[in-house]
Amino acid sequence: MDVFISLLDGIMVALEPMNLGLAVLGVVVGLFVGAMPGLGSVNGVAILLPFTFVIQSFTGGATSPMIFLAAIYYGAMYGGAISSITLGIPGASTAVSTTFDGRPMALSGRAHIALVAAALASFAGGTISNIMFTGFAPILASVALSFGDPEVFALMLMAFATFIGLGGDDIPKTIFSICIGLVLATVGFDIVSGEPRLIFFDITGFSHGIRFLVLAIGVYGIGEMLWTINTNRYGSSMTQVDVSARNIIDAIKEFRHAKRGTLIGSFLGFFVGILPAAGATPGALMAYGVAKLTSKDQSSFGKGNINGIAAPEAANNSASTGAMLPMMTLGIPGSPTTAVLLAGMVIWGLQPGPLLFTNQPDFVWPLIGSFYISNVIAVLVNLAFIPVFLWMLRMPFTILAPMIFVLSLVGTYAAYLDMFDVSLMVLVGIAAFFLRILDYPVAPAVLAIVLGPIAEPKLRQSLLFSDGDFSIFFTRPIAGPITVIALILILLPLIKFIKNKFITKKAEQP
Amino acid sequence: MRKAELVTAIILGILSLCLMWKSGEAPAWDPSIARFDNIGLIEGEGPGSGFWPFWLSFIMFICCIWIGINWYRRTSPPSQSEEVFLDGYGQRMLFVVGGGLIGFLIVIYILGFYGAIPLFIIYYMRYLGRHSWKLSGTIAVGMTVFCFFFFDIAMRIVLPKGYLEPLFIPLYDIFL
């Protein structure tokens, strides 16, 4: 009952004109960045994070800026489907599996049905996941209140281990990416001993540390943009869509056939979204796979089955809310976008983690309330302005790209008033572009940069407490199982490798 | 791509070794502490200041060797790929866009943001995008005016103006 009252209070705050306006603006920006091929929620959130300082200076708190950024995240999940269906190019990686059936539907003259199904499934996924979030979050936060330093470090180890064990990227490159993120987070003065660390060539710009925003905007504002310009070189043709009111109503009626895919996506997406290495993209792909596997008409998948759109779209929305769960309750982000949101919370003076629910209910509940509001706004804006988004998709990248570059440079300067940061950000962006070509995953590095300043003190405090005995991570009742699971996840690729070798050897034997 | 995979692994391996070396650096104010004294556990203090970055850099170095082994065994996709690392389009793109960004950065130091923003947008839209002068000029001016009013006037965040600083004094007199 307390939860319900808190939620209602939160919704009322989220409905205040300022917060409602920011949610609408955030959703529109999110829909746009989600729809534009090459841009995703993380790009939008990272580039616009410095601009939220203005919102904070007007409102005085962290709630409104966070509502704005969370609305971008929401909108982007809706927007990805628009380009997947009409252009055949996913607006974001989270909408890759929407292309499988969305594009065939568009090519067969049913683009309006695909677009409406995507919007309604996203809404259903968002609503179901919001309800689950509201139910689980306070419970998880109260359990997490008993966590000490070893438990928090073990959880962070598990977050990184999930990338290694389940991330699906090249293992040494993933570990390298995690470690370089953690090392870069140590640049500056050691908060325990006060000693300077890794201040290269005695450049004073490094003494304040490498700021998260510099790396996030460098990677997502510059590196990813260069990557997009390099890969999207051949252009694409847009399918014509008739979005008359009658067609929209027909499409809404058609959505009744997508119930199964929507439910699969909504529940599966939420739980996959909670896992740090997983998030919305694998959530959507898994939901598509499960919807296809459990369908009586498997052969129609890939040819324009409406469940093939509903499942991934419900899943990517549901996963985006799921990814917020560990961020808000444990202080561990479940995706690169939530990593940026977490960094934003730290910049705004909040301490993410279980204490957030106890100490900052005025922040937490309006934010949760805004998830519900943003979800409603997103479906309405999406359905009402489909023609506008289709028009915007025709905008050449040569107009959008320079504006994004300008916003990245100006935003980085405005955050800390330091030209060194701007130069470093451009260099980081160019380096990220090269590493991306060679399949070095950047998401683990971004997560590591955020978690590094939290993980290191926890490890050092734990070892100080145990007189340097690492068994502290194995002998405590909560930290022990988490550490063991983390180690299993780290060793999972090795187990798979040995198993494959064994099977191959057995198969080769006459 | 195959050659680039190895070269990158070697560069990152050297970077890892540099980071290990740098992590073991003792603070300048205490000459009694030797290099690498801080990478282990210190009696009564727990792990030293170099413990975390040193061992992480060590893991990075091991990963680079691992990437090298995968390259030799041709088990990673880039090590199997016969494609070029950056083809003609990619090289040209990096030169004109990446170079343009670095140029943008240099011009900021000379003419400030408000001189560099319109120049960069016109360079990008007119030279790379082949858009009309009218559209390029409108967006260049619009973006500069938006940034000025948003940052300098509304947020009171004064962006660097380089040699154009005197031109803005009358504007400050009007709007601030």
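How far apart do the C-alpha centres of domain 1 of chain B and domain 2 of chain B lie? Before I answer, let me say that what we are looking at is a predicted model. In this model the two C-alpha centres lie 40 Å apart, and the domain assignment behind that value places domain 1 of chain B at 2-80 and domain 2 at 88-175.

Let me turn to chain A, whose secondary structure comes to 23 helices and two strands. Its radius of gyration is 23 Å, close to the 24 Å that the globule rule gives for 510 residues, so chain A is as compact as a globular protein of that length. The C-alpha trace of chain A spans about 75 × 70 × 55 Å along its principal axes, and 61% of the 510 residues count as buried. If we take the contacts in chain A between residues at least 6 apart in sequence, 79% of them join residues at least 24 apart.

Now to the place where the two chains meet, a contact that takes 48 residues from chain A and 53 residues from chain B. On the side of chain A, the elements that give two or more residues include helix 9 (171-184), helix 10 (212-231), helix 20 (419-437) and helix 21 (443-465), and strand 2 (196-197) is listed with them. Helix 19 of chain A gives the most to this side, with eleven residues. By residue class, the side of chain A that touches chain B divides into 33 nonpolar, six polar and nine charged residues.

Helix 20 of chain A deserves a moment by itself: with 19 residues, this helix reaches 28 Å from its first C-alpha to its last, close to the 27 Å expected at 1.5 Å a residue. Among its buried residues are D421(A), L424(A), V428(A), F433(A) and I437(A), and what covers the buried residues of helix 20 includes helix 10 and helix 19 of chain A together with helix 4 (88-111) of chain B. Helix 20 is followed by D439(A), whose phi is positive, near 70 degrees.

The largest nonpolar core has 218 residues, of which V45(A), A114(A), A117(A), M156(A), A216(A), A287(A) and V446(A) touch the most other members. Helix 7 of chain A, residues 111-144, supplies the largest share of this core, 17 residues, while domain 1 and domain 2 of chain B each contribute at least three. Leaving aside residues up to four places away in sequence, A114(A) touches I85(A), G102(A), M105(A), A106(A) and I309(A).

M132(A) and L325(A) are 193 residues apart in sequence, yet 9.7 Å apart in space, C-alpha to C-alpha.

I will finish with helix 13 of chain A, residues 280-293, which has 14 residues and reaches 20 Å from its first C-alpha to its last, close to the 20 Å expected at 1.5 Å a residue. Helix 13 is mostly covered, with eleven of its 14 residues buried, including P282(A), G283(A), A287(A), Y288(A) and K292(A). The buried residues of helix 13 pack against helix 5 (63-86), helix 6 (96-107), helix 12 (259-274) and helix 14 (307-330) of chain A.

Conventions:
Residues numbered from 1 in each chain as written. Chains lettered and ligands numbered in written order. Predicted model: local features only at pLDDT ≥ 70, side-chain atom pairs only at ≥ 80, totals over all residues. Helix = DSSP H or I, 4+ residues; strand = E, 2+ residues; numbered from the N terminus. Rg over C-alpha atoms; globule rule 2.2 N^0.38 Å. Buried ≥ 20, exposed ≤ 12 C-beta atoms within 10 Å, placed from the backbone. Contact = placed C-beta atoms within 7 Å. Domains from an automatic or database assignment. Nonpolar A, V, L, I, M, F, W, Y, C, P; charged D, E, K, R; others polar. Core = buried A, V, L, I, M, F, W, Y, C linked by C-beta atoms within 7 Å. Expected span 1.5 Å × (residues − 1).
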